[in-house]
There are 2 protein chains.
Amino acid sequence: MAQKPGIPKGTRDFSPEEVAKRNYIISVIRNQFELFGFRPIETPSFENSSTLMGKYGEEGDRLIFKILNSGDFLKKVDDKLYAEKDSVKLTGKISEKALRYDLTVPFARYVVQHQNEIDFPFKRYQIQPVWRADRPQKGRFREFYQCDADVVGSGSLWQEVEFVQLYDTVFTALGLRGVTIKMNNRKILSGIAEVIGAKDKLIDFTVALDKLDKIGEEGVKKEMQEKGIAPEAIAKVQPLFEFNGDTTEKLDRLATLLQTSEEGTKGVEELRFICGSITGTGLQSAILDLDVTLARGLNYYTGAIFEVSAPGVAMGSIGGGGRYDDLTGIFGLQGISGVGISFGLDRIYLVLEELGLFPETVTATSRVLFINFGEEEAFYSIKALQMLRKQGIKAELYPDNAKMKKQMQYADKRGIPFTVLVGEEEMQKEHYTLKNMQTGEQLAVSLDALIERLSGA
Amino acid sequence: MAQKPGIPKGTRDFSPEEVAKRNYIISVIRNQFELFGFRPIETPSFENSSTLMGKYGEEGDRLIFKILNSGDFLKKVDDKLYAEKDSVKLTGKISEKALRYDLTVPFARYVVQHQNEIDFPFKRYQIQPVWRADRPQKGRFREFYQCDADVVGSGSLWQEVEFVQLYDTVFTALGLRGVTIKMNNRKILSGIAEVIGAKDKLIDFTVALDKLDKIGEEGVKKEMQEKGIAPEAIAKVQPLFEFNGDTTEKLDRLATLLQTSEEGTKGVEELRFICGSITGTGLQSAILDLDVTLARGLNYYTGAIFEVSAPGVAMGSIGGGGRYDDLTGIFGLQGISGVGISFGLDRIYLVLEELGLFPETVTATSRVLFINFGEEEAFYSIKALQMLRKQGIKAELYPDNAKMKKQMQYADKRGIPFTVLVGEEEMQKEHYTLKNMQTGEQLAVSLDALIERLSGA
């Protein structure tokens with residue numbers, strides 16, 4: 001009996017229109033990546049489990065999709081262990097491979113494995129799907145693409161400057177003008193924790209601060225208190241809640257606040273360099289903003305932290321990144337600094353859709369359909385199609401000699417703007433009747449004129 | 001302790017050069033697909049196991065990668081069944097999803113699931129990876145890309161004609177001139193089996209005939225005999241071993257041989273139509289050849305069968321396809337005829353590499369590297385970089401103020417053809433010193449002149 005077809009929850013089929021729009025975004029990002037000197041790599045969809053497990057915390061381990069060993073996977077499983085019927089213990093015995101969870105750990109693995117072939121600093125980009133066994137919900141999928149660009153092997157702050165420019169040029173090129181690039185620095189957060197005397201509570205402190213947008217000033221203070229941060233310490237944080245002005249003003253105030261902290265002062269200097277350089281070169285349409293509450297992935301980042309939000313749309317961040325000082329250490333290559341950013345393809349898609357920013361040409365289907373009136377006419381058409389395609393014109397022949405109405409409906413539904421009608425008269429005169437599907441206008445033209453008319457926008 | 005990094009056998013990391021070359025092949029194929037009116041779809045990397053299992057035969061089922069259920073996957077497993085410790089039985093209980101094995105079954109599932117959104121005839125292409133737990137060996141991988149174009153919903157032979165032209169234009173565009181497109185028809189094979197009185201032995205007969213290239217005439221005859229095909233029947237096949245001449249001559253001889261078989265005669269007519277149309281329209285560089293021994297995927301195809309081989313290289317087929325009359329029946333949509341072809345990306349890659357056919361520009365890295373002499377100079381350079389990138393010139397700044405020799409070596413190793421040196425004098429005069437890395441020639445130029453010189457080929 002035939003099955004009713006479906007796909008696993010959290011996964012998606014993409015229609016021709018959706019693929020075209022996604023490919024448009026990817027091509028804009030890829031183009032800018034390459035203009036900035038980044039080069040593509042690709043890694044396998046699955047890695048050895050040992051490469052991935054333990055790299056994303058306990059929750060991450062749970063969300064990694066494991067692949068069952070091939071063949072008789074129970075053969076080598078010890079009877080005693082098997083009898084325990086313990087999923088966690090059994091997993092390690094019957095599954096040695098897992099689908100990648102992100103592109104960063106595979107990248108670190110790649111750098112270490114290929115270190116002798118790589119010319120550092122290595123600027124790579126990677127656009128591939130990743131998989132997470134997360135609970136599917138609106139905008140969260142079990143299979144989705146990540147678009148990452150990273151540089152490893154240089155601690156230079158020019159990378160941070162260039163990444164801000166990269167965000168600016170990509171979003172400007174996508175027509176999404178006025179994105180806000182929020183920036184912070186792990187050293188600033190450490191410095192604040194230090195000067196208020198809560199250095200040992202850095203994570204609790206920043207996790208609370210990060211929620212300012214959501215729970216407000218009082219909420220943040222309450223959470224800090226609950227986490228055991230002293231009232232005097234919380235009082236000292238007060239300036240951060242009234243943190244207005246342009247980046248220079250903010251940096252000046254931070255410099256004063258953090259003058260007793262070496263690390264904090266270093267963070268201010270780094271941000272001053274980045275903001276100053278960006279002010280000097282200018283941005284096309286993005287706005288750079290200093291946000292001391294930004295903490296995103298704090299366990300990970302050691303320097304700059306970035307996050308990008310779209311203008312005028314209620315949507316989480318559409319990009320983010322930062323500097324991490326020891327990416328490759330987990331695979332035995334120490335002291336290689338890295339910095340990277342990523343683009344949120346699915347969210348960018350939703351934003352462009354909502355704001356109507358996809359160019360119409362992106363989903364352009366065939367420009368012309370040749371109506372099929374029979375064998376001889378179709379043969380005459382096929383010869384013309386060859387010429388059109390050589391000129392780069394997307395063109396097709398309706399394959400069957402169906403009723404004219406049906407063929408015209410097909411062109412209509414597909415959004416094909418022109419049809420060509422070839423009958424006995426056309427073949428005799430070596431002409432083509434070109435019909436504009438929108439206006440209904442018909443015109444008898446030569447092959448050259450046909451090419452010319454269909455080539456135009 | 002740090003792990004020694006590696007990847008699962010049968011999978012590959014792709015370096016920047018390899019990704020660039022692969023993307024070049026894919027972009028040529030995709031461009032031609034779209035010129036012919038095909039539109040892209042994408043399906044999830046994993047499907048419900050029920051969608052895939054039982055569609056590729058017993059061997060196929062074994063080669064499908066199964067994904068372990070998330071969470072406590074043993075919880076719902078019956079104790080009695082568990083105690084059997086039977087891998088095959090347990091698989092169905094602990095794994096509900098599997099990585100796709102090819103693009104054809106997911107496509108069939110897609111067509112049935114989305115039949116109400118699709119305007120038939122539906123011309124789709126799909127370029128995505130597939131996974132098979134096959135024994136890895138030279139040129140055979142556990143993760144590899146398939147590039148398929150199919151039309152469903154039309155029995156018109158014009159599709160076959162267009163697919164031959166599509167092969168021709170793709171390989172011509174790739175610079176691989178003179179590929180041989182071998183064509184046969186399932187109906188011809190059935191017809192031959194019928195007229196020699198071995199209709200019940202069609203599969204044995206065609207499998208043996210398919211080996212003519214490898215085991216020769218005597219080998220084929222011997223195998224037919226072993227499979228129980230009568231000597232008189234084998235004698236009747238004799239004309240197929242002396243099957244020379246152009247397609248018209250071959251078709252005439254086939255017509256005579258098969259005149260008593262209705263199906264065989266239909267096959268001859270179909271081939272006559274396709275070959276005649278191709279002769280009429282011409283091919284750019286490919287050669288169309290009729291090969292009655294071609295049987296590829298016989299259980300599957302019902303009409304035309306295609307296979308493409310590269311000229312002057314010892315390599316299996318670099319493409320293949322055919323017509324199948326009931327693609328979607330397994331998912332409950334009957335009577336939808338389909339025809340499709342695929343391109344063998346990995347083999348095409350090897351052929352282009354061996355014949356030196358990749359254009360040099362494909363792996364072009366940055367066109368220019370700005371040498372970093374310090375903070376002020378770097379800032380001056382960053383502003384120029386912005387202008388260059390706006391003009392579409394791939395350009396980068398060496399991030400650190402390292403020794404000049406080191407920076408120059410980086411440009412050399414990366415194959416970057418130009419460097420720019422910016423010192424005090426250049427900044428004062430608003431100039432840039434452009435160095436040709438091949439000739440060593442240095443030239444002081446304005447920004448406009450810099451852009452002009454770097455834009456050229």
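Q: How many salt bridges does the rule find across the interface of chain A and chain B?
A: The rule finds twelve across that interface. A salt bridge is a side-chain nitrogen of Lys or Arg within 4 Å of a carboxyl oxygen of Asp or Glu. The structure is a predicted model, in which local features need pLDDT of at least 70 and side-chain atom pairs count only at pLDDT 80 or more, while totals for chains, interfaces and linings use all residues. Residues are numbered from 1 along each chain as its sequence is written, chains are lettered from A and ligands numbered from 1 in the order written, and side-chain values use heavy atoms, without hydrogens and water.

Q: What makes A:Asp13 and B:Arg109 a salt bridge?
A: Their side chains meet at 2.6 Å, N to O. The cut-off is 4 Å, so the pair counts.

Q: How many residues does each chain bring to the contact?
A: Chain A gives 110 residues and chain B gives 111. Contact here means heavy atoms within 4.5 Å.

Q: What area do chain A and chain B bury between them?
A: They bury about 9400 Å², with 57% of it on carbon and sulfur atoms. Buried area is the accessible area (1.4 Å probe) that two parts lose on being put together, summed over both.

Q: Why is A:Lys123 called buried?
A: Its relative accessible area is 4%. Buried means under 20%, exposed over 50%, and partly exposed in between (1.4 Å probe, protein chains only), so A:Lys123 is buried.

Q: What makes A:Lys123 and B:Glu396 a salt bridge?
A: Their closest N and O atoms are 4.0 Å apart. The rule asks for within 4 Å, so the pair is counted. This pair crosses between chains, from strand E5 (residues 122-131) of chain A to strand E13 (residues 395-397) of chain B. Strands are DSSP runs of E with at least two residues, and helices are runs of H or I with at least four, both numbered from the N terminus. B:Glu396 has 1% relative accessibility, so B:Glu396 is buried. A network of salt bridges links A:Lys123, A:Glu162, B:Arg389, B:Glu396 and B:Arg414.

Q: Which residue forms a salt bridge with B:Lys123?
A: A:Glu396 does, with the closest N and O atoms 3.9 Å apart. B:Lys123 sits in strand E5 of chain B, and A:Glu396 in strand E13 of chain A. Both residues are buried.

Q: How do you know that A:Asp346 and A:Arg12 form a salt bridge?
A: Their closest N and O atoms lie 2.9 Å apart. The pair links distant parts of the chain, 334 residues apart. A:Asp346 is in helix H15 (residues 345-354), while A:Arg12 is in the segment before helix H1 (16-35). A:Asp346 has 13% relative accessibility and counts as buried. A:Arg12 is buried too, at 16%.

Q: Why is A:Lys85 called partly exposed?
A: Its relative accessible area is 23%. That value falls between 20% and 50%, so the label is partly exposed. A:Lys85 has a positive phi of about 50 degrees, although it is not a glycine. A:Lys85 lies in the loop between helix H4 (79-84) and helix H5 (87-94) of chain A.

Q: Why is A:Glu430 called exposed?
A: Its relative accessible area is 58%. Exposed means over 50%, so A:Glu430 is exposed. A:Glu430 has a positive phi of about 55 degrees, although it is not a glycine.
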